[in-house]
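I opened this notebook to record what I looked up in one protein chain. The entries are in the order in which I made them.

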Amino acid sequence: MSAEPRAPIRVLPPDLANQIAAGEVVERPASAVKELVENALDAGATQVDVVLRGSGSEEILIRDDGCGLARDEAALALLRHATSKLSREEDLRRIDTFGFRGEALPAIAAVSRLRLLTRRAQDDEGTEVLAEEGAEPIVRPAGAPPGTSISVRDLFYRTPARRKFLKSPRTELAACVKVVEWLALSHPEVGFSLHHDGRALRRFLPCTRIGDRVRAVLPEPPLAELGGSLEGLSVLAFLAGPEHAQKGVRNLELLVNGRRVNDRAVVAAVAASYEGMLPGGALPPGVVYLTLDPSAVDVNVHPRKEEVRFTNPRQIYSAVLHILRDGMARARGELHSGVPATAPQPFGSFPAAAATGLPRPPGASGTPASPWSLTPPASPPVQLPVFSPGAARPPAGPASAEGTPIPTADRPALSPSKGPPPAADPWSTSGNRPRATSLSFSSLVPAGQVFLTYLVCEGNDLVVLIDQHAAHERVVYEDLRASLRDGGLPSQTLLEPLAVPLRADLLAVVEDEAEALGLLGFEAEAFGADRALLRAHPVTLKGDPAEALRETAATLLHGRGGERTVVERGLATVACHSAIRAGKRVSDAEVHALLARMDEVDFGDHCPHGRPAWAVLSRAELEKMFGRR
């Protein structure tokens, strides 16, 4: 068989080369927003306005008050590799601007209808540049205010395959909102506004302190301000407490010299700084700013500049870990030295963030306080429930004045006797499934409760410590799984819909994953640009339904494309909000009911989120501790 004759090698036409580049640089409307706003920031803008139509697919308009372009520069701006950021090879090793390749504008122009209007303050008239259909740009004089305005219409109209793979309008809009938010985090001294289809979505006023901008972008949860300098690296971090940690890195923003990037070493250092307080794979929400010599970091390693390469990544990891651990230790020290821990306190001058700069070294003066405590606050002596060793267990049903037996999914407590639950109970799991442990929980004798979180039990020469929330969460999870197999979780309709404020990306989940939320017992719909109307929630919920919807949506967002279905991921979140909480005093009846239920389900050793639910200390180990062996 003769081979097909190949085409000769040739240089691609500029228009085709630009379309190929657009596939790497501009994958969705949010990518175009990012590139254009970054250009505005590089131009020294103090105000950037973003206006979208049709979630950015119909039109993206970026206006800034930056330095503007001369006419000859405006004509060159749409040529590939035309840039003002680099002039020699050495500049590539010390990049301190967002853009430097000269690819973004020609790439965007290759897949859209682009209009650029610009004027320098010293010029009498401005310049208009029109680009469409890959033809030679039209350059002509025009009236314009100082600064630059770029309109991008009909994005991807020349590449319909790319447009076909865009997500829902709500999801694409959420991505654009996210881009504006993190660019606002990178430049707190710049004002930002975002409008969509005539409605204002975001407005950030210029700030003199980074912390003010961080809290404007991330109002919840409370964030602790930590930081310092070490070995040429300055770190300023705003981090939530470990109780707010979630799986994945979506809620942790990392900015290196103002550029948002992904870096495993820095993320690992942030997780390690919590010293074992985070569940596996979980991270707290927040923002971490790193500032170092531009020559110590290479930003030219990713088409969209989303990754960087450090000259000495091991040193960066160690420095970030040391600075954050030191900041947390100082926060703990302040709490121990008399700062009231009952109410969150803002950080003072440690770490100092003068104007919009980075923190001074850890030795700077000031008295910090922490908005979340790394050590338990002082509290009155705990009165443990009194258990009578060897006493008969209380019967199921109405309990003593201390409380009622722990309900599973808001149903009557089951009998604490071993074996399968009564057939009349529609909530129970069917039959006795194999269990991962031979320990009989219902045979244990409760001895007390410590820190209002852990149950202490004994039996068969063992001391068993049980995390009451993790254990009950697993029990509820198994019951909810059974309900899900029957067609979905039962829900409770609210008398009046509840308006729930949501981030744009979570609001997109409410719209895109309505079926999954319905299976989990939620009925919600998007209502405006920043909230959802919650009409029903799972009957099992014990806490705030708005917070449950928010966390479930975040779980589904993280679960997209994963190995487990989005419904299975959301089930664990619903179980968490349906289980008895840490910090709640439990009664004898509640403890016995929980121990019995732990025997009746396929319990295993962990809660659905992977945290250990119980631990064992043998009598031999205990006696060895005290020198009896």
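**Ground rules.** I am working with a predicted model, where local features need pLDDT of at least 70, side-chain atom pairs count only at pLDDT 80 or more, and totals for chains, interfaces and linings use all residues. Residues are numbered from 1 along each chain as its sequence is written, and side-chain values use heavy atoms, with hydrogens and water left out.

**Whole chain.** I found 16 helices and 24 strands in the protein chain; these are DSSP runs numbered from the N terminus (helices H or I, at least four residues; strands E, at least two). Of its 629 residues, 49% count as buried, meaning under 20% relative accessible area with a 1.4 Å probe, protein chains only. I looked up the accessible surface as well: about 29700 Å², with 54% belonging to carbon and sulfur atoms (Shrake-Rupley method, 1.4 Å probe). Among contacts (heavy atoms within 4.5 Å) with a separation of 6 or more, 70% join residues 24 or more positions apart.

**Cores.** I took a nonpolar core as a set of buried Ala, Val, Leu, Ile, Met, Phe, Trp, Tyr and Cys residues joined through side-chain atoms within 4.5 Å. The largest one has 58 residues, and Val33, Val37, Val48, Val50, Leu114, Phe192 and Tyr289 touch the most other members. Helix 6 (residues 169-186) gives the largest share of this core, eleven residues. A second, separate core has 31 residues, including Leu507, Val509, Val567 and Ala575. Returning to Val48, I listed its contacts beyond four places in sequence; among them are Val37, Ile62, Val190 and Phe192.

I traced an open sheet of five strands in the order 9-10-15-12-13, with mixed pairing; two strands pair if DSSP finds at least two bridges between them. Its edge strands are strand 9 (224-230) and strand 13 (259-260). Strand 9 runs antiparallel to strand 10, joined by seven bridges, and Leu230 stands opposite Leu233 in strand 10. The two strands form a hairpin with two residues between them, and Glu231 in the turn has a positive phi of about 50°. Strand 12 (residues 252-256) and strand 15 (residues 286-291) run parallel through five bridges, with Glu253 opposite Val287.

Notes: Buried < 20%, exposed > 50% of the residue type's maximum accessible area, 1.4 Å probe, protein only.
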